[in-house]
Amino acid sequence: MRSFEKLTSYIPLRKSESGGSKNIGLLVDGPNMLRKEFSLNLDLVREIIAEYGNMRVGKVLLNQYASDKLIEAIVNQGFTPIVVAGDTDVYMAVEAMELIYNPNIDVVALMTRDADFLPIINKAKENGKETIVIGAEPGFSAALQNSADDAIVLKAESPKKYPKDD
């Protein structure tokens, strides 16, 4: 026991700076949010999420029309791109249910404007998860904003962060 106590004084133990920081799972509705007219920046989203806790899951769901440049930009910003053949909403709902039933995730965050995800927010809250929705105007569902514990409305930036589809 003594040797272990001595050993720990030499090994830096990584501790969370904020103490009881929460683990967050973020799902991004790519076709709905990563549009040219919004010019949204995933680095900004990461900074916002960091104010709530530690992002443990960061997935961006894309349809089969996503360009290679967009996928590369998402990877470079530390997110996992998931390219779906078909309806991204269904796949996002499945991913969200996995977050809801993951005991290591405290907060379910959805970046979307779509009211179709209202049942996901409600199910997450029923299961004791905190919820965050991140969206942009126009078209950010008022019902979605009012149902989540926190709602964040992003403003479009002037410099585009995502490459144009050529």
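**Figure 1. Val153 on strand S6 in the predicted model.** Val153 is partly exposed, having a relative accessible area of 34%, in a structure that is a predicted model throughout. The residue has its place in strand S6, and S6 spans residues 150-154. Leaving out residues up to four places away in sequence, Val153 touches Gly135, Ala136, Glu137, Phe140 and Gln145.

**Figure 2. The cis peptide bond between Glu137 and Pro138.** Glu137, which is also among the residues touched by Val153, is joined to Pro138 by a cis peptide bond with an omega of about 5 degrees. Pro138 is placed in the loop between S5 and helix H7, the latter covering residues 142-147.

Figure 3. Ile134 lies in strand S5, which runs over residues 130-136, and at 0% relative accessibility Ile134 counts as buried, because buried means under 20% relative accessible area. When residues up to four places away in sequence are not counted, Ile134 touches Leu26, Met33, Val45, Ile49, Leu110, Met111, Thr112, Phe140, Ile152 and Leu154. The C-alpha atom of Ile134 is separated by 9.7 Å from that of Ile48, a residue 86 positions apart from it along the chain. The largest nonpolar core has 26 residues, and Ile134 belongs to the group, together with Leu26, Leu42 and Met111, that touches the most other members. Two or more residues of this core come from each of strand S1 (22-29), helix H3 (42-50), strand S2 (53-63), helix H4 (68-76), S4, strand S5 (130-136) and strand S6 (150-154). Among these elements, H3 gives the most to the core, with 4 residues. Another core, of 20 residues, lies apart from this one and includes Leu61, Ile105, Leu144 and Ala148. In soluble globular proteins, nonpolar side chains tend to be buried together.

Figure 4. Thr112 is found in the loop between strand S4, residues 107-111, and helix H6, residues 118-126. With a relative accessible area of 0%, Thr112 is buried, and its side chain reaches the backbone nitrogen of Asp114 at 3.2 Å. Once neighbours within four places in sequence are left aside, the residues in contact with Thr112 are Asp29, Asn32, Met33, Met92, Phe117, Ile134, Gly135, Phe140 and Leu144. Of these partners, Ile134 is a member of the largest nonpolar core, whereas Leu144 belongs to the core of 20 residues that lies apart from it.

Figure 5. Leu118 lies in helix H6 and, at 23% relative accessibility, counts as partly exposed. Apart from residues up to four places away in sequence, Leu118 touches Ala143, Leu144 and Ser147. The C-alpha atoms of Leu118 and Ala143 are 7.4 Å apart in space, while the two residues are 25 apart in sequence. Leu144, one of the residues touched by Leu118, is also in contact with Thr112.

**Figure 6. The packing of helices H5 and H6.** Helix H5, residues 88-100, packs against H6 at an angle of about 10 degrees, and the axes of the two helices are 10 Å apart. Angles under 35 degrees count as roughly parallel, and H5 and H6 are therefore roughly parallel to each other. In this contact, Ala93, Ala96, Met97 and Ile100 of H5 meet Ile120, Lys123 and Ala124 of H6. The residues of the contact divide into 6 nonpolar, no polar and 1 charged.

**Figure 7. Glu95, a buried residue of helix H5.** Glu95 is found in helix H5 and is buried, with a relative accessible area of 8%. Not counting residues up to four places away in sequence, Glu95 touches Leu27, Lys59 and Ile82.

**Figure 8. The protein chain as a setting for the close-up views.** The protein chain has 7 helices and 6 strands, and read along the sequence these follow the pattern α-β-α-α-β-α-β-α-β-α-β-α-β. Of the 166 residues in the chain, 43% are buried. Among contacts between residues at least 6 apart in sequence, 64% join residues at least 24 apart.

How values were computed. Residues are numbered from 1 along each chain as its sequence is written. This is a predicted model: local features need pLDDT of at least 70, side-chain atom pairs count only at pLDDT 80 or more; totals for chains, interfaces and linings use all residues. Side-chain values use heavy atoms; hydrogens and water are left out. Buried means under 20% relative accessible area, exposed over 50%, partly exposed in between (1.4 Å probe, protein chains only). A polar contact is a pair of N or O atoms within 3.5 Å; within protein, one must be able to donate a hydrogen and the other to accept it, and residues adjacent in sequence count only if both atoms are side-chain atoms. Contact means heavy atoms within 4.5 Å. A nonpolar core is a set of buried Ala, Val, Leu, Ile, Met, Phe, Trp, Tyr and Cys residues joined through side-chain atoms within 4.5 Å. Axes are lines fitted to C-alpha atoms, for helices over the stretch in contact, and angles run from 0 to 180 degrees between N-to-C directions. Angles under 35 degrees count as roughly parallel, over 145 as roughly antiparallel, 65 to 115 as roughly perpendicular and the rest as oblique. Ala, Val, Leu, Ile, Met, Phe, Trp, Tyr, Cys and Pro count as nonpolar, Asp, Glu, Lys and Arg as charged, and the others, Gly among them, as polar.
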